[in-house]
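Please look over the sequence and the structure below. The paragraphs that follow lead through them part by part.

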Amino acid sequence: MNDVTAPTGSATGRVVLLTTSHRVAPGLLSWPAWQALRSADRVLCADGTHPQLPYLKEAGIAVEEVSPTAEDLLAACAGGRTVVVVATGEGEPALTDGLARLAGSGRVSMPELELLPASYDLPGARLLDLVQVMDRIRVECPWSSRQTHQGLAKYAVEESYELVEAIEDGDRDELREELGDVLLQVVFHARIAEEDPEAPFSVDDVAATIVAKLIHRHPHVFGSATATTPEEVRDHWLRTKAAEKRRESVTDGIPLHQPALALAAKLASRVRSAGLEVPVPVAGGLGYDLLALAARAESEGIDPEAALRAASRTYRDAIRATEGVGAETAEVEEGTEAEGTEQ
């Protein structure tokens, strides 16, 4: 199976298990890793297709394609030698378990054992995993491969509301999960967009667009502008946004299909921010009464949607109490309703 000599006597020396991240470009190793590789008596790797091997060869480091056992390593280290094992993508669980077993036996003299991370994931590196998984699902999953922007639109709305609910409930585990579900919608739509025959774009294009927008709209962070209060930051944002969009009206860009209370509050917010004097229409009827309430809530710094949801939950609890139904049953029913979504 390999060419490592069997153990003959007490083992000394040093074993270095070198781990790398597939999310970092091959060859970008830490200085301690290069030092360990260059000073090693032998460098072993069980995977002949390991992405690091071409770069190690280019650097003049000879790597043996070998799958050593724990006993083999002890023999290779005899006499004070250093052996570096370049771990495969799955790690080396059999090897590390074997070394732990030998160390626990007390019957052999163990070499110095070191786990040396040669490359580290940068913040956001796991997003690369999500992109790769989404790419495979898009190709191989019968449901996902047939989805369109239009067909997925409803899920984006549903996941957004579930995120809001997790935030309002203060449930950290749910918040993390729902953020992931919203992120999935972004990556899913970006993957579909790659296939557009006329105007394709990728998730990298999406990220590049928002990065450029954030930098441009934060001149107090990335430029020479100054902002010391949240209000000044908001003023910067609005001025920059207005210049970018070249809008004729403060109402431009407000999605009219959002929930009615949120729409009313957004219109009132734009009016107030622009310093316009536009009285709420008084034409009679429930709709205009609700519009006035939404505008009043916005002026007082209250989200009318959140306020109505909170009141509605209280009302729901009162209804269930009258019915003699407990809160636990309500949670089960809500979970059952949510199971209708595919993702």
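Leaving aside its neighbours within four places in sequence, which residues is Arg217 in contact with? They are Trp237, Thr240, Lys241, Glu244 and Lys245, where contact means heavy atoms within 4.5 Å. This is a predicted model, in which local features need pLDDT of at least 70 and side-chain atom pairs count only at pLDDT 80 or more, while totals for chains, interfaces and linings use all residues. Residues are numbered from 1 along each chain as its sequence is written, and side-chain values use heavy atoms, with hydrogens and water left out.

Arg217 is found in the loop between helix 8 (203–216) and helix 9 (219–222). Helices here are DSSP runs of H or I with at least four residues, strands are runs of E with at least two, and the numbering starts at the N terminus. Arg217 has a relative accessibility of 3% and counts as buried; buried means under 20% relative accessible area, exposed over 50%, and partly exposed in between, with a 1.4 Å probe and protein chains only. Trp237, one of the contacts of Arg217, has the charged end of Arg217 over its ring, 4.9 Å from the ring centre. A charge sits over a ring if NZ of Lys or CZ of Arg is within 6 Å of the ring centre and within 35 degrees of the ring normal.

Next come the aromatic rings. The whole structure holds 2 aromatic pairs. One of them joins Trp143 and Tyr155 edge-to-face, with 6.1 Å from centre to centre and 65° between the planes. Rings of Phe, Tyr and Trp (its six-membered ring) pair if their centres lie within 6.5 Å; planes under 30 degrees apart count as stacked, over 60 as edge-to-face and the rest as tilted. Trp143 lies in the loop between helix 5 (126–140) and helix 6 (149–169), and Tyr155 in helix 6, so the pair ties together parts that are 12 residues apart in sequence. Trp143 is partly exposed at 21% relative accessible area, whereas Tyr155 is buried at 9%. Through ring pairs, Trp143, Tyr155 and Phe188 are linked into a cluster.

Helix 7 (residues 172–193) has 22 residues and spans 32 Å from first C-alpha to last, close to the 32 Å expected; the expected span is 1.5 Å times one less than the number of residues. At the start of helix 7, a side-chain oxygen of Asp171 comes within 3.1 Å of the backbone nitrogen of Asp173. Arg176 also lies in helix 7, but counts as exposed at 57% relative accessibility.

How confident is the predictor, and where? Its confidence in each residue is given as pLDDT, from 0 to 100. The protein averages a pLDDT of 88, and 92% of the residues score at least 70. Among the elements, helix 7 has the highest mean pLDDT (97) and helix 14 (residues 327–338) the lowest (51). Over residues 1–11 the pLDDT is below 50, and this stretch has 25 contacts in the model beyond near neighbours in sequence.

Technical notes:
Polar contact = N/O pair within 3.5 Å; in protein donor to acceptor, adjacent residues only side chain to side chain. pLDDT = per-residue confidence, 0-100.
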